[in-house]
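Here is a friendly briefing to read alongside your structure. Take a moment to look it over, and then we can go through it topic by topic.

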Amino acid sequence: MKKRMARDKQVTDRKPRECQLPAKGYRKGRSVYPEDTARFAARSGRQGRHDENERELPADVLVGRNAVLEALRAGRGINRILVANGDREGSIAEILSLAKERGLVIQNVERAKIEALSGGQRHQGVLAYVAPVPYAELEDILKAAAEKDEAPFLVLLDELEDPHNLGALLRTADATGVHGILIPKRRSVSLNATVAKTSAGAVEYVPVARIGNIAQTLKALKEKGFWVAGADMDGEKAYYEADLTGPLVLVVGSEGRGMSRLTKEACDFIVSMPMVGHINSLNASVAGSILMYESMRQRLAKRNC
């Protein structure tokens, strides 16, 4: 009888089964708490199959035939398309055809390069760098300026390569009333996520047009009545001494090299920026911003006369 009473007391003293939770890390590191399981997986380097093989792509990258094909059909701004060497069958043929119709840059590369850029995602031999906003047409930019009854004011970037510089120039262009930015299709920075972020939203308001041959584009604009002013330290006059009003194209050269010889020869006049310090050049976005503000100052003064 005493033994039975002792056994009943032991049963009564036991904690309810649902309260007996295993300690964290129980069963080879697995916890009853999901957040602890995630933390343990992160510490131990154990990731799921999806996380092991795939990483999130930048906002300006598309991979896969369907994604790229739909972007082409929708008319989305595309900087360039990478196609694996030897891939020409199926929908790749349609992608190439549509890209050529739009004059887009197509690069044939080794499949391994696309593998490295696609972050483990299924790419089917094609990858595209897309623009955060659609590119504009030069004729549409000129038409918009005419509708405002304003003398068209354009900025052409001669093989600028740094997206931060392009973003900064877009920001100043919006502030100074520039109607559009012109950039070459090749050997030049394109609209991308970095440009959009650096521009602080100006990419949504300042149209950017991609052009082919710079010299031919400037010649066509001259025939429409434009003056072309280039910025170079060897300019014949200071920027504040030149007339920067009327239909105008301001040309800003690339970082380090400045304007190319052919572009410089296509300019009507070259302006310089006096410097009294120890360095002999300015950042491309700084130089471009100074010129844009000087042009705006002259335009406002002329309008108020």
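Predicted model: local features only at pLDDT ≥ 70, side-chain atom pairs only at ≥ 80, totals over all residues.

Residues are numbered from 1 along each chain as its sequence is written, and side-chain values use heavy atoms, with hydrogens and water left out.

**Loop residues**
- D149 is found in the loop between helix 8 (138-147) and strand 5; helices (H or I, at least four residues) and strands (E, at least two) are DSSP runs numbered from the N terminus.
- The phi of D149 is positive, near 60°, in a residue other than glycine.
- A200, which is not a glycine either, has a positive phi of about 55° and sits in the loop between helix 10 and strand 7 (208-211).
- S188 lies in the loop between strand 6 and helix 10 (193-198), and at 16% relative accessibility S188 counts as buried.
- Beyond its neighbours within four places in sequence, S188 is in contact (heavy atoms within 4.5 Å) with E159, L160 and I183.

**Nonpolar cores**
- A nonpolar core is a set of buried Ala, Val, Leu, Ile, Met, Phe, Trp, Tyr and Cys residues joined through side-chain atoms within 4.5 Å.
- The largest one has 36 residues, and those with the most contacts inside it are L157, L166, L170, I181, L191 and L250.
- Elements that each supply at least two residues of this core include strand 5 (153-157), helix 9 (163-176) and helix 13 (284-304).
- A second, separate core of 19 residues includes I141, A209, I214 and C267.

**Helix 5**
- In helix 5 (residues 65-73), the buried residues are V68, L69, A71 and L72.
- Seen down the axis of helix 5, these buried residues fall within an arc of 160° (taken from the directions from the helix axis to the C-beta atoms), so they line one face of the helix.
- The buried residues of helix 5 pack against strand 1 (61-63), strand 2 (78-84), helix 6 (91-101) and strand 4 (126-130).

Key:
Buried < 20%, exposed > 50% of the residue type's maximum accessible area, 1.4 Å probe, protein only.
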